[in-house]
Every structure is written in C-alpha cells, then in structure tokens.
Amino acid sequence: MGGNHRYAFGGELSGGFIRNIVLRAAPVRAHFQALINELARTATGSASRVARLGLLEQPPSLDLGEVTDKGSINQRAVLKHRAELVEALHAGRLPNLFVPD
C-alpha cells in the first residue's frame with residue numbers, strides 16, 4: 001500500500017493519508033472495537049487478556065529491523081524506534097486506541 005495514488009481529478013494522495021482515512025472510518029473502528037470486546041470476553045486469564053489495542057498508521061519497518069526476515073515482530077527494535085507510541089499506548093493517549101467496553 002506504499003507510494004502515492006493518482007485519482008481522476010489529477011491529484012495525489014500519499015499512502016499515509018489513505019491509511020489515516022481508513023483507520024478513522026466508522027466500520028473499521030467498529031470492527032476493532034468488537035474484536036477487542038470479544039477478546040476481553042473470552043480471555044481465560046491475565047496472560048491472554050488484551051488491555052489495549054492500537055492501530056498504527058505506519059506498518060512495522062523491515063529497514064529498521066522491526067520485522068525479521070521470517071515476518072516476526074522484533075520487540076526490541078519496535079520499543080527502540082517507537083518509544084513515544086509505546087508510552088502513549090500505556091498512558092491511554094495513543095491515536096486509534098481501543099479498550100474493551
């Protein structure tokens with residue numbers, strides 16, 4: 001989904017702008033709210049409990065080492081490069097944040 005997209009009116013929208021629109025769309029928000037509510041309802045203990053869910057505008061970066069060659073998330077790299085987002089998530093002030101009802 002990277003890059004710019006051309007439209008009939010001749011303008012361009014960056015991939016980040018498009019992701020931002022999608023993340024704020026009511027059906028998308030309703031889906032993720034329902035998902036975290038269901039995860040909270042079916043959690044069997046603290047190890048399986050999801051307290052917060054945040055949708056990020058930028059996907060994990062292979063170049064920054066946030067994703068391994070096998071496609072796993074490198075937690076150490078994410079914590080290093082996205083420290084402000086992690087802090088905002090824990091403080092409850094991350095944009096696009098969901099908590100169980």
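Analyst: One term is needed before we start: two residues are in contact when heavy atoms of theirs lie within 4.5 Å. Please also keep in mind that this is a predicted model.

User: Ok, and which residues does Phe 98 touch, leaving out those up to four places away in sequence?

Analyst: Phe 98 touches Arg 29, Phe 32, Gln 33, Ile 36, Ala 51, Arg 52, Leu 53 and Leu 55, once residues up to four places away in sequence are not counted.

User: Let's follow Ile 36, then. Where is the place of Ile 36, and is Ile 36 buried or exposed?

Analyst: Ile 36 has its place in helix α2, which covers residues 26–42. Its relative accessible area is 0%, and because buried means under 20%, Ile 36 counts as buried.

User: What is Ile 36 in contact with, beyond its neighbours within four places in sequence?

Analyst: Leaving those neighbours aside, Ile 36 is in contact with Val 50, Ala 51, Arg 52, Leu 53, Phe 98, Val 99 and Pro 100. As for distance, the C-alpha atoms of Ile 36 and Arg 49 are separated by 9.6 Å, and these two residues are 13 residues apart along the chain.

User: Which residues make up the largest nonpolar core?

Analyst: The largest nonpolar core has 5 residues in all, namely Leu 23, Ile 36, Leu 53, Leu 55 and Phe 98.

User: Changing topic: what volume does the largest pocket have, and which residues line it?

Analyst: The volume of the largest pocket is about 310 Å³. Its lining consists of Arg 52, Leu 53, Gly 54, Leu 56, Pro 60, Ile 73, Val 78, Arg 82, Leu 85, Val 86, Leu 89 and Leu 94. By class, that lining has 9 nonpolar, 1 polar and 2 charged residues.

User: Which element gives the largest share of the lining?

Analyst: That is α4, with 3 residues, and at least two residues of the lining are supplied by each of β3 (53–54) and α4 (83–91).

User: Is Glu 84 buried or exposed?

Analyst: Glu 84 lies in helix α4 and, with a relative accessibility of 69%, counts as exposed, because exposed means over 50%. Between the C-alpha atoms of Glu 84 and Leu 94, which are 10 residues apart along the chain, the separation is 9.3 Å.

User: And where is Asn 96 found?

Analyst: Asn 96 is found in the loop between α4 and β4 (97–98), and at 8% relative accessibility Asn 96 counts as buried. Its phi is near 60°, a positive value in a residue other than glycine.

User: Zooming out, how many helices and strands does the chain have?

Analyst: The chain has 4 helices and 4 strands, and from the N terminus on the elements run β-β-α-α-β-α-α-β. Of the 101 residues in the chain, 19% are buried.

User: Last one: what pLDDT does the chain average?

Analyst: The average pLDDT is 86, and 85% of the residues score at least 70. Over residues 4–11, however, the pLDDT is below 50, and beyond near neighbours in sequence this stretch has 12 contacts in the model.

Methods: Residues are numbered from 1 along each chain as its sequence is written. This is a predicted model: local features need pLDDT of at least 70, side-chain atom pairs count only at pLDDT 80 or more; totals for chains, interfaces and linings use all residues. Side-chain values use heavy atoms; hydrogens and water are left out. Buried means under 20% relative accessible area, exposed over 50%, partly exposed in between (1.4 Å probe, protein chains only). A nonpolar core is a set of buried Ala, Val, Leu, Ile, Met, Phe, Trp, Tyr and Cys residues joined through side-chain atoms within 4.5 Å. On a 1 Å grid over the protein atoms alone, a cavity is a set of points where a 1.4 Å probe fits but cannot get out, and a pocket is an open set with protein on both sides within 12 Å along at least five of seven lines; lining residues have an atom within 4 Å of a point. Grid points are joined across faces, edges and corners, and a volume is the space filled by probe spheres set on the points. Ala, Val, Leu, Ile, Met, Phe, Trp, Tyr, Cys and Pro count as nonpolar, Asp, Glu, Lys and Arg as charged, and the others, Gly among them, as polar. pLDDT is the predictor's confidence in each residue, from 0 to 100.
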